[in-house]
Amino acid sequence: MRIAMIGTGYVGLVSGACFADFGHEVVCVDKDAGKIDRLKQGVMPIWEPGLEALVKSNVERGRLNFTTNLAEGVDGAEAVFIAVGTPARRGDGHADLTFVFDAVKELAHALKGPAVVVTKSTVPVGTGDRITELFKKEGAPAGTSVASNPEFLREGAAIADFKHPDRIVVGAEDESARQVLREIYRPLFLNKAPILFTGRRTAELTKYAANAFLAVKISFINEIANLCEAVDADVQEVARGIGLDNRIGPKFLHPGPGYGGSCFPKDTLALLQTANAAGVEQRIVKTVVEVNDERKATMHERVLHALGGDLKGKRVAVLGVAFKPNTDDMRDAPSIPLVKGLQDQGATVAAFDPAAMGHAKDLMPEVEFTNDAYAAAKDADALVVVTEWDEFRAIDLERIARTMKGNVLVDLRNVYDRAEAEEAGFDYSGLGRGRIG
Ligand code: NAD
């Protein structure tokens, strides 16, 4: 199958490389010439485990190509996936579909024959209908069909997620589109991945419902963690106690500094806008957005509290700035308001992250970025764990404590064992692990 992928970011590049690995012939298109140049030289524009090797082997086999020229990229393609960004529109939280519609307009003129055009980008209900209209208006070839195939991969585990998905959702309004997508994903459902065919609008909404539900789960355990701190209970054990119930499940029950990243914040807002336009209240999701915003905005207060109420002249070392481990993605990362809160209170901040410092530098002026965790901790009054990279789990707590001036450890991911941290000389506080203050 000949496939074109428009948008070569976290989703487009991973999806394109994986489709090529299934044996399809894939051209990835991006209007960012720098990105395409780097890819042609074998340099990955994003940090994603296993991606470089996967791209390299499929380029070598001649199944994966890159171009900035959309017309060239879609020439002869039976399926064209759209994987461009759909960020939150400034001010109102609507999904900004500018990139999608720009690509669709260009595509309408570039297609020489009918193709199945598939939105992989996360787009609000009804976007497929609007694309269909736009194709008609712009004179796309007759028989061009529009389908929805939302992507559920997680950055940091993107290739494994793409190749072993919990499910594949395909929303289509005609049999030919279903046929093409069934063929594309055949290697996966031969591996028993359930493929779910729905109407296009249902598929579009399914993606938002999934992300909103996960955001609910995260905020739920964060609030339970707060309660644990007030009543002297341990949220880790509560999470295990409820997560072993199959109806609940153990995942997404880890307290933290609030969800971030390129999806949950914008997708929850966009869902609320969809609901608003439909005149239907979504009180749970609305509250979750408020709970999460407040959590992110107040995390620095934990450091303030642990340092006795005054951050002026204090030095704080931050471990991890990416919104989660195994990615360089800084979009809506909880580290951003945390660092700002610390600086606003008069602290100086040093930080280390294994992958995200390049992106973080522009977002966090005045932060001193170091080459490793020990260098960040040197002479610090407090150490704050923000992103649970594996390498932080294996840190030598005694060694890092010796390099510091103070002994405060604020563990916003519950990475460390309290007893071990205290044995290393730390004054330890985690999230929801017994009474605070
Ligand atoms: P991204 O910003 O990393 O990549 C988007 C790419 O599209 C950029 O490289 C940009 O240059 C390119 N682009 C924009 N307009 C273009 C055009 N007209 N022609 C060619 N290229 C164009 O975004 P992403 O994180 O990959 O997300 C893409 C979509 O997938 C979003 O809708 C997002 O919500 C969704 N999604 C993301 C994830 C994730 O983990 N990142 C997971 C599931 C779904």
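Which residues of α5 are buried? They are Val100, Ala103, Val104, Leu107 and Ala110. A residue is buried if 20 or more other C-beta atoms lie within 10 Å of its own, exposed if 12 or fewer, and partly exposed in between, with C-beta atoms placed from the backbone. This is a predicted model: local features need pLDDT of at least 70, side-chain atom pairs count only at pLDDT 80 or more, and totals for chains, interfaces and linings use all residues. Residues are numbered from 1 along each chain as its sequence is written.

**Helix α5**

- Helix α5 covers residues 98–110, 13 residues in total. Helices (H or I, at least four residues) and strands (E, at least two) are DSSP runs, numbered from the N terminus.
- From first C-alpha to last, α5 reaches 18 Å, close to the 18 Å expected at 1.5 Å a residue. The expected span is 1.5 Å times one less than the number of residues.
- The buried residues of α5 are Val100, Ala103, Val104, Leu107 and Ala110. Seen down the helix axis, they fall within an arc of 125°, so they line one face of α5. The arc is that of the directions from the helix axis to the C-beta atoms.
- Asp102 and His109 are exposed, on the face of α5 turned away from its buried side.
- The cover over the buried residues of α5 includes β1 (2–6), α4 (70–74), β4 (79–82), β5 (116–119) and α6 (127–138).

**Domains**

- The domain assignment gives domain 1 (2–198), domain 2 (208–296) and domain 3 (299–429). Such bounds come from an automatic or database domain assignment.
- The C-alpha centres of domain 1 and domain 3 lie 37 Å apart.
- In domain 1, 7 residues are in contact with 7 residues of domain 3. Contact means that the C-beta atoms of two residues, placed from the backbone, lie within 7 Å.
- An unreviewed UniProt entry lists residues 317–418 as "domain: UDP-glucose/GDP-mannose dehydrogenase C-terminal". UniProt positions are given in the numbering used here, feature names are shortened, and annotations may be inferred rather than shown by experiment.
- Residues 317–418 are 33% helix and 18% strand, and their end C-alpha atoms lie 19 Å apart.

**Leucine 319**

- Leucine 319 lies in strand β9 (residues 315–319). With 30 C-beta neighbours inside 10 Å, leucine 319 counts as buried.
- Beyond four places in sequence, leucine 319 is in contact with Phe352, Ala373, Ala376, Leu383, Val384, Val385, Val386 and Phe392.
- Leucine 319 and lysine 31 are 288 residues apart along the chain, and their C-alpha atoms are separated by 34 Å.

**Arginine 201**

- Arginine 201 sits in helix α10 (residues 200–231). This arginine 201 is partly exposed, with 17 other C-beta atoms within 10 Å.
- Leaving aside neighbours within four places in sequence, arginine 201 is in contact with Val125, Gly126 and Gly171.

**Positive phi**

- Most residues other than glycine have a negative phi.
- Phenylalanine 252 has a positive phi, near 60°. The loop between α11 (235–243) and α12 (264–278) holds phenylalanine 252. Phenylalanine 252 has 16 C-beta neighbours inside 10 Å, so it counts as partly exposed.
- Aspartate 379 also has a positive phi, near 65°. Aspartate 379 lies in the loop between α17 (373–377) and β12 (382–385). Aspartate 379 is exposed, with 11 other C-beta atoms within 10 Å.
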